[in-house]
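Hi,

Here is the model I promised to pass on. Have a look at it first, and my notes follow below.

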Amino acid sequence: QAAAPLHPVAVQCQEAQVVVTVHRDLFGTGRLVRAADLTLGSAACLPVAQSAAESTVTFVAGLHECGSTLQITPDSLIYKTSLSYKPAPSVNLVIIRTNVAVVPIECHYPRKSNVSSNAVRPTWAPFRSTLSAEERLMFSLRLMNDDWSTERLSNGFQLGESLHLQADVASGDHVPLRLFVDDCVATLSPDRNSSPRYALIDLSGCLVDGRSDDTTSAFISPRPRQETLQFMVDAFKFAGDDRNLIYITCHLKVSPANQAPNPLNKACSFDKASSLWAPVEGTGDICSCCETGNCPLYG
């Protein structure tokens with residue numbers, strides 16, 4: 001809308017900047033304000049142009065400039081700034097004849113939109129589908145009952161029992177995904193870097209707890225579905241500590257389901273009968289690094 005006495009401030013929200021046009025008859029009284037008394041944002045940016053014929057002042061600023069703020073909602077990016085009018089005292093430096101005014105300005109941009117690029121013809125998925133899919137990836141890690149049918153109501157275990165852990169990802173309308181567990185660590189506090197700590201899964205998907213002589217810990221094979229990974233861990237407690245609460249923190253990730261498992265994306269258990277590492281899917285060589293300890297890490 002053009003700046004006019006009835007609508008003295010006009011805003012154009014462009015791709016990377018905001019253009020604010022201010023009619024100097026800011027209050028609709030016929031008395032024109034001074035351009036020098038108008039600024040934009042908390043940084044008090046000055047106008048870049050004036051039109052004497054139209055009695056307008058124009059500000060142009062990048063979306064991140066002039067002290068603007070960014071608010072992120074589920075659907076929008078909202079850049080906020082304000083137009084400020086602070087009249088300087090008149091000639092005698094004693095009185096002013098107009099009030100201070102602040103006009104809030106917002107530019108709303110949808111989060112789920114393609115980036116325009118007429119000159120480029122990308123071969124990858126468009127921005128809309130990529131961002132939309134990333135927002136819908138919901139990871140979960142749950143304790144399950146012994147037959148994996150429902151979530152376990154109690155998180156209490158006796159030594160000698162097994163924990164049935166199930167990792168899932170809900171991917172919405174994303175391309176088919178395969179879930180992996182990069183690492184799992186047990187600690188006595190919610191801080192996964194606290195001490196003492198014990199690694200259950202390490203080296204980008206090696207269930208290292210199953211390497212111990214007195215355990216049967218392993219991934220469940222085959223998977224019930226590509227976006228689910230189940231594994232069992234024998235119950236344990238930290239030596240010399242009488243606390244009954246242990247925290248298990250896992251790093252979950254996904255790869256495209258049509259991508260073959262590899263040393264970075266794998267789920268490997270130690271088979272005591274053969275003394276070899278075996279993957280839930282993929283060729284056995286992807287697990288060889290579980291023994292040598294030189295697996296690539298996710299970074």
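**What turned up**

D37 is buried, its relative accessible area being 8% (buried is under 20%, exposed over 50% and partly exposed in between, with a 1.4 Å probe and protein chains only). R34 is partly exposed at 44%. The side chains of D37 and R34 form a salt bridge, 3.3 Å from N to O (that is, a side-chain nitrogen of Lys or Arg within 4 Å of a carboxyl oxygen of Asp or Glu).

Before I go on, a word on the ground rules. This is a predicted model, where local features need pLDDT of at least 70 and side-chain atom pairs count only at pLDDT 80 or more, while totals for chains, interfaces and linings use all residues. Numbering runs from 1 along each chain as its sequence is written, and side-chain values use heavy atoms, with hydrogens and water left out.

**Overall**

The chain has two helices and 17 strands (DSSP runs numbered from the N terminus: H or I of at least four residues for helices, E of at least two for strands). Of its 299 residues, 37% are buried. Among contacts with a separation of 6 or more, 57% are between residues 24 or more positions apart (contact means heavy atoms within 4.5 Å).

**More salt bridges**

The whole structure holds nine of them. E106 and K80 pair up through their side chains at 3.9 Å, N to O. That pair links distant parts of the chain, with E106 in strand 8 (residues 101–110) and K80 in strand 7 (residues 76–85), 26 residues apart. Both ends are partly exposed: E106 at 41% relative accessibility, K80 at 29%.

D183 and R192 also form a salt bridge, their closest N and O atoms 3.1 Å apart. Here D183 is buried at 9%, while R192 is partly exposed at 24%. There is a network too, linking R142, D168 and R225 by salt bridges.

**The largest pocket**

Its space comes to about 680 Å³. For the method: on a 1 Å grid over the protein atoms alone, a pocket is an open set of points where a 1.4 Å probe fits, with protein on both sides within 12 Å along at least five of seven lines, and lining residues have an atom within 4 Å of a point. Points are joined across faces, edges and corners, and the volume is the space filled by probe spheres set on them.

The lining has 22 residues, with N155, F157, L163, N244 and I246 nearest the centre. Strand 9 (138–144), strand 10 (162–170) and strand 15 (247–256) are the elements giving two or more residues to this lining, and strand 9 gives the most, with three. By type, the lining splits into twelve nonpolar, five polar and five charged residues (Ala, Val, Leu, Ile, Met, Phe, Trp, Tyr, Cys and Pro are nonpolar; Asp, Glu, Lys and Arg charged; the others, Gly among them, polar).

**A look at S217**

What does the side chain of S217 join in a polar contact of 2.5 Å? The side chain of D209 (a polar contact is a pair of N or O atoms within 3.5 Å, one able to donate a hydrogen and the other to accept it within protein, and sequence-adjacent residues count only if both atoms are side-chain atoms). A polar side-chain atom of S217 also lies 3.2 Å from the backbone nitrogen of D234. S217 sits in the loop between strand 12 (197–201) and strand 13 (218–219) and is buried at 2%. Leaving out residues up to four places away in sequence, S217 touches L207, D209, G210, M232, V233 and D234.

Cheers
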